[in-house]
Amino acid sequence: MTARLAHIVRHPIKSIGYETLHHASLSKGRVLPFDRTWAVSHEAAGFEGPLEHWAPKRHFVRGVAAPGLMAVAARAMDDGTIELTHPELWHLRLDPDSPADQAKLIEWLRPLWPDNRPAPRAVERVADIALTDMPEPYISILSLSSLAMLSEAAGQPLSPHRFRGNLWVEGWEPAAERDLIGRRLRIGTAELEIAMPITRCRATCANPETGTEDVETLRLLESLWGNTQFGVYATVLTGGDIAFGDRVEIL
């Protein structure tokens, strides 16, 4: 079976909403456009605002601390604003660079954030730097066949959105991506090199439809493959256009 690109997903605000795309343009040495462009720091963040450089994920609001965040969906609008939705909250449309809208986002997050955690503090953005989990400008690549195997072990279908990935491939054998470290891929007119596996946290235990933990994902990963890795990080070597249905070729 020919491997194909099945999903393209970005997350404009780190840990706060996912957005599915039909196509994207990749640039050499860059992340998926507008992926983790913004992030929300919390009151225990180890830096004074505003942020001036990349910072580790522990400084930001994340789904591992608040499973309810996993149920947020995002949609970029034509005017540059972003609409956030959640099954238990009102729709919020905001300009993440607007101080007034940043205050609205902080307030919108409060019902989803635990009282025993440092509260959301400020919306952060660093020019030309994505606030991803890794300092390198990686794009994450995951396999629907591996997800199907994990779903079978869980006894229920698992949504791709548990894993906050960028590119989902259909047609590989289960776990085949684990053997691709150092290999190159061609997708559309872009070429990428697989850099390293992705180690997962408890955020993946939360159902992205309900925002509640319902599957011990980490335990299942351990039982299947002996570790908590799922998906791989890749670097864009040659920029180009990618689209839903594109062939994914291992070079």
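Trainee: Which residues of helix α1 (residues 99-109) are buried?

Mentor: Asp101, Leu105, Ile106, Trp108 and Leu109 are. Buried means under 20% relative accessible area with a 1.4 Å probe and protein chains only, exposed means over 50%, and partly exposed lies in between. This is a predicted model, where local features need pLDDT of at least 70, side-chain atom pairs count only at pLDDT 80 or more, and totals for chains, interfaces and linings use all residues. Residues are numbered from 1 along each chain as its sequence is written, and side-chain values use heavy atoms, leaving out hydrogens and water.

Trainee: Which strands do they pack against?

Mentor: β4, β6 (82-86), β7 (89-94) and β8 (120-125). Contact means heavy atoms within 4.5 Å.

Trainee: Why does arginine 62 have no salt bridge?

Mentor: A salt bridge needs a side-chain nitrogen of Lys or Arg within 4 Å of a carboxyl oxygen of Asp or Glu. The nearest side chain of opposite charge, aspartate 133, is 5.9 Å away, so buried arginine 62 has none.

Trainee: Where does arginine 62 lie?

Mentor: In the loop between β4 (38-42) and β5 (73-76). Leaving aside neighbours within four places in sequence, arginine 62 contacts Ser15, Lys57, Leu69 and Trp113.

Definitions and conventions: Helices (H or I, at least four residues) and strands (E, at least two) are DSSP runs, numbered from the N terminus. Lys and Arg count as positive and Asp and Glu as negative; His and the chain ends are not counted.
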